[in-house]
Amino acid sequence: MMRVAGAVAMSAVLALGAGACGGDGGGSGDGDSITIGFMGDLTGENSGLVIPPKQGAELAIEQYNATNPEVKINFKTYDSQGKPEQATTLALGAVKQDKIVGLIGPAFSGESQSVGPILEEAKIPSVSPSATSITLAEKGWEWWHRVVADDAVQSAGVATFLSSSLGAKKVFTVHDNQDYGKGLADAIGSAVKAKGATVQTDAVDDNATDYSSTVNKIVDFKPDAVYFGGYYAVAGRLFKQLAEAGYEGKMMSGDGSLASELITGTGEENAQGALLSCGCLIDTDGKTNANAKKFADDYKAKFKSEVAIYSTEGYDAATAFIKAVQAGNTTAEEINKFLETVSFDGVGKPIKFDQNGELAAQDIFIYEVQGKAIKLLGNANEAKVS
């Protein structure tokens, strides 16, 4: 799948180079307004992970435009459904037809791998609110950024939590054989091994519904914890089957599963006590900072729902672009240059990028399913299960 996506991306880059964009240094505004895009799965199986950051970005831009600025921001969404091949086509249109000067996203790691070369060729800056694959920062891309810690940081945080808080001696990792899921599960397996745990692993087909082979291996191994790398649709099916098979250890997954749909897929009773890790901050009560509380209130007032996974990261990604525009930068090249030194307290965490586009802040948070809700337990270094 990744080889095919790579071929599609390369063809797209060649087409882009021959098109209107050429080497003109990227998009630009018309003087009164510029266009910032958002790309991710807005209608697909895992859209529950992407609609919140889209709404967070939308809120930030709406609030900015309400101040009647000299240069307004047009917000345009691109629904990739999380598919790399679809994302490449959308990226071409965003650059050539819509003349975006920046992109919030792509949301997922797989589509980010495919779209990255296109944006590099077009010289369009991007800030992903949620793509966590380690390899994204190893491409040498100069126009790419993210406002979330990568899977290496997440795996280290999870390993600390599993060993210190849970005292796990045996861990079973499962993944969906996709870029994000396998990368996360493998990194966590290595990290907990380094902490002295015994680890076994297995992969499942994300298009399948019967995971009895993997479930039987887990039940036989009797691990203290099972960690799934992948998205909530598969995690829900796996956790449900594990619970029904009598597994009594802890079930845990990462940011790809941090959505209410996990509870639905697992079944509310089976899901109780399930744990989740994420570089994202979901703070509805403002426990961490005053900015988080105001954002949560504003978000609920507009969307009639509580902040969810990557809502804050979507808002902070949009704010990075907004601050660039407020400082008088309206071309893609000017905005990208501004992002090199941008530094501000976001609603989730401090926003500042290193030379590879990585977020300087490296916090990982742990969440737990309690009733119908997913509650913040705290930073991975100090979180305790209820």
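How many nonpolar, polar and charged residues does the lining of the second largest cavity have? In this predicted model, the lining of that cavity comprises seven nonpolar, three polar and one charged residues. The volume of the second largest cavity is about 50 Å³. Its lining is made up of Pro-106, Ser-112, Val-115, Gly-116, Leu-119, Glu-120, Ile-124, Ser-126, Trp-141, Trp-143 and Trp-144. Helix α4, which spans residues 109-122, is the greatest contributor to this lining, with five residues.

Across the whole structure, two cavities of 30 Å³ or more were found. The largest cavity holds about 100 Å³ of space. It is lined by 13 residues, of which Ala-107, Phe-108, Ser-130, Tyr-231 and Asp-255 are the closest to its centre. By class, the lining of the largest cavity consists of eight nonpolar, four polar and one charged residues.

The largest pocket contains about 640 Å³ of space. Among the 27 residues lining this pocket, those closest to the centre are Ile-282, Glu-306, Val-307, Ala-308 and Ile-374. The lining of the largest pocket includes 14 nonpolar residues, together with six polar and seven charged ones. At least two lining residues come from each of the helices α2 (51-65) and α9 (260-266) and from each of the strands β13 (365-370) and β14 (373-379). The largest share is supplied by β14, with four residues.

The two strands named in this lining are also partners of one another, β13 and β14 being paired in the antiparallel sense over six bridges. Within this pairing, Val-369 lies opposite Ile-374 of β14, and Ile-374 is itself one of the residues closest to the centre of the largest pocket. The strands β13 and β14 form a hairpin in which two residues separate them. In the turn, Gly-371 adopts a positive phi of about 65°.

Helix α3 was considered separately. This helix comprises 13 residues, 84-96, and its first and last C-alpha atoms are 18 Å apart, close to the 18 Å expected at 1.5 Å a residue. Buried positions in α3 are Pro-84, Ala-87, Thr-88, Ala-91, Leu-92, Gly-93, Ala-94 and Val-95. In an α-helix, residues three or four places apart point the same way, because there are 3.6 residues a turn. Such spacing occurs among the buried residues of α3, which include Pro-84, Ala-87, Thr-88, Ala-91 and Leu-92.

Notes. Residues numbered from 1 in each chain as written. Predicted model: local features only at pLDDT ≥ 70, side-chain atom pairs only at ≥ 80, totals over all residues. Heavy atoms only, no water. 1 Å grid on protein atoms, 1.4 Å probe; cavity = no way out; pocket = protein on both sides within 12 Å on 5 of 7 lines; lining within 4 Å. Points joined across faces, edges and corners; volume = space filled by probe spheres on them. Nonpolar A, V, L, I, M, F, W, Y, C, P; charged D, E, K, R; others polar. Pairing = 2+ DSSP bridges. Expected span 1.5 Å × (residues − 1). Buried < 20%, exposed > 50% of the residue type's maximum accessible area, 1.4 Å probe, protein only.
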